[in-house]
Amino acid sequence: MTQPQQIWPPEFAERYRARGYWRGETIDGILAARAAATPDHPAVVFDDGQWSYRDLDTRATRLAGGFTRLGLARGARVLVQLPNVPEFLAVVFGLFRAGLLPVFVLPAHRRIEVEHFGRTSEAEAYVIPGDHGGFDYRTLAREVAPQLPSLRAVIVAGDPAEFQSLDELGAGAGLPDGHSRPADVAFLQLSGGSTGFSKLIPRTHDDYLYSVRESAVICGLDASTVFLATLPIGHNFTMSSPGYLGAIYAGGTVALTRSPSPDVAFPAIAQHGVTITGLVPPLALVWEQAARQTPADLSSLQVLQVGGAKLTAELARRLRATFPRAVLQQVFGMAEGLVNYTRLDDPEDLVIHTQGRPISPDDEVLVVDDAGQPVPDGKAGHLLTRGPYTIRAYYNAPDANAAAFTPDGFYRTGDIVTRTARGYLEVLGRATDMINRGGEKVSAEEVEDHLIAHPLVHDAVVVAVPDPFLGEKTCAAVVRRDETLKMTALKAWVRERGLASYKIPDQVVFVEAFPETAVGKTSRRDIRAMLRDRFAAEAAARQAT
Ligand code: AMP
Ligand code: DBH
């Protein structure tokens, strides 16, 4: 097993350093610097309290000591599956400080995913909440831990049962700075999993901090910023665009809410004086409706970001009307690197119709046809990119790397875009079979594998079908072996196999056979078209009655 690394060719690394993008800082070093400069400023505020920069820094240092005493050596991987609670920040900064690598598992992930991330990263520890959102993560840990031979410890933020208590881990002596290094990998993010399983994305302190620092400038952050982490805090958007790291970089405050729903999040905005937050489009739809009649005072909100999936022009217009004091900002990013923003002073037309332009003058963007030839501005093509904060390789994934990167190091994003003459991008869709279910990415292949494992399933193909609420949702076309197999049983099967519930097919359609291409392969394109027609016909029939 090789240590995670991320390597740019020397001439690129030299350029990125010479231009001041990579500055030789570490993420935990930024926290230490802010704690030294403004120790009493609130770093994180939550339901029933707040931690100053001094508090957060002290907790991180103590946890760094605790993790080290577990026997974890520099570079070891730690699964972190915490919700939006202050302990998340203490744990993550503690790991950075000890030179340990967090792997950002999302609270929605279940046995199959956690095992996959644990095994591919050879994780040595796993940090969970006790109960959260009506789910007991200790039960999950009991299932997963025996399958992960590298695992030494399960640590619980809450009642630990037979596991280790996070409070106790952070009660001993701290570990001083100096264990993390700027050019080293700081953590492993998760890809959306466009081909089968989600891959691990190694990001260095240097490259990530560049994107964070510039994001903070683009989004207008300063010490008066209060960033509300509305989406899951482990996600790349919430972490860095500008996210909680941007807020801390600027010496501002991170506010946390346990739920993104308006009845919880709106009072939190009013209570903490939130100035900026980020949403995915389905949540933006819910907020837009709730904001029309809320008694909560949302006037502190200066910037409302929407990203992760395509925001329709219609919803963009409505958001601007319903949140007139806030600037709407579109964010088109990926955990692999490249992030695009509409700028705060951009004209309405760009904010409504585009997904923004890249952070850096050194973000190289290519829009190419199927043969790899550049297409003119305004024409649709595949988005390829390379730059000072975009990875050159996934961790331990030679096959995926061969497919996802060009020989000269461009990342194939899988997105179909058009580019305007001024360099703004509009996202049209995905070339691959990843379904974007309102920002939650579902790999068709992964779900198909589970469906096909059912003894009564002959074959299965999962495709995206349009959904007015989520943008896309999943539909499984299934050729069954026996008519006794019903939709509910098939959904239950997928659930019982331990997949996150957002991956369970929204719809199941039984068909006699799949359409085929000229060489006899199953044609996803035709299945998609068939299902689209079928749903359109059903919708029309419903309207007619
Ligand atoms: P992930 O692999 O989970 O980091 O997801 C990144 C992908 O999400 C991108 O490649 C896009 O397909 C999609 N995405 C992110 N932001 C946007 C956006 N603002 N508009 C359209 N698609 C987006
Ligand atoms: O969807 C994403 O992955 C995403 C969206 C907005 C992202 O990683 C980001 C901003 O940094």
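Trainee: Which element gives the most to the shell around ligand 2?

Mentor: In this predicted model, strand 16 gives the most to that shell, with three residues. The residues around ligand 2 include Gly-333 and Met-334, and strand 16 covers 327-334.

Trainee: What makes the pair formed by Ser-241 and ligand 2 a polar contact?

Mentor: A polar contact needs a pair of N or O atoms within 3.5 Å. A polar side-chain atom of Ser-241 lies 2.7 Å from an oxygen atom of ligand 2, and therefore the pair meets the cut-off. Lys-441 also brings a polar side-chain atom, at 3.3 Å from an oxygen atom of the ligand, whereas Met-334 uses a polar backbone atom, 3.4 Å from an oxygen atom of ligand 2.

Trainee: How much of the accessible area of ligand 2 does the protein cover?

Mentor: On its own, ligand 2 has 290 Å² of accessible area, and the protein covers 94% of that.

Trainee: Why is the space lined by Phe-227 and Gln-305, among others, called a cavity?

Mentor: The word is used because a 1.4 Å probe fits at its points but cannot get out. The structure holds one cavity of 30 Å³ or more, and about 40 Å³ of space lies in the largest cavity, whose lining takes three residues from strand 12, the element that gives the most.

Trainee: Which classes of residue make up that lining?

Mentor: The lining of the largest cavity has five nonpolar residues, four polar and no charged, while the shell around ligand 2 has five nonpolar, five polar and one charged.

Notes: Residues numbered from 1 in each chain as written. Chains lettered and ligands numbered in written order. Predicted model: local features only at pLDDT ≥ 70, side-chain atom pairs only at ≥ 80, totals over all residues. Heavy atoms only, no water. Near = heavy atom within 4 Å. Polar contact = N/O pair within 3.5 Å; in protein donor to acceptor, adjacent residues only side chain to side chain. Areas by Shrake-Rupley, 256 points an atom, 1.4 Å probe, with all protein chains shown as cover. Helix = DSSP H or I, 4+ residues; strand = E, 2+ residues; numbered from the N terminus. Nonpolar A, V, L, I, M, F, W, Y, C, P; charged D, E, K, R; others polar. 1 Å grid on protein atoms, 1.4 Å probe; cavity = no way out; pocket = protein on both sides within 12 Å on 5 of 7 lines; lining within 4 Å. Points joined across faces, edges and corners; volume = space filled by probe spheres on them.
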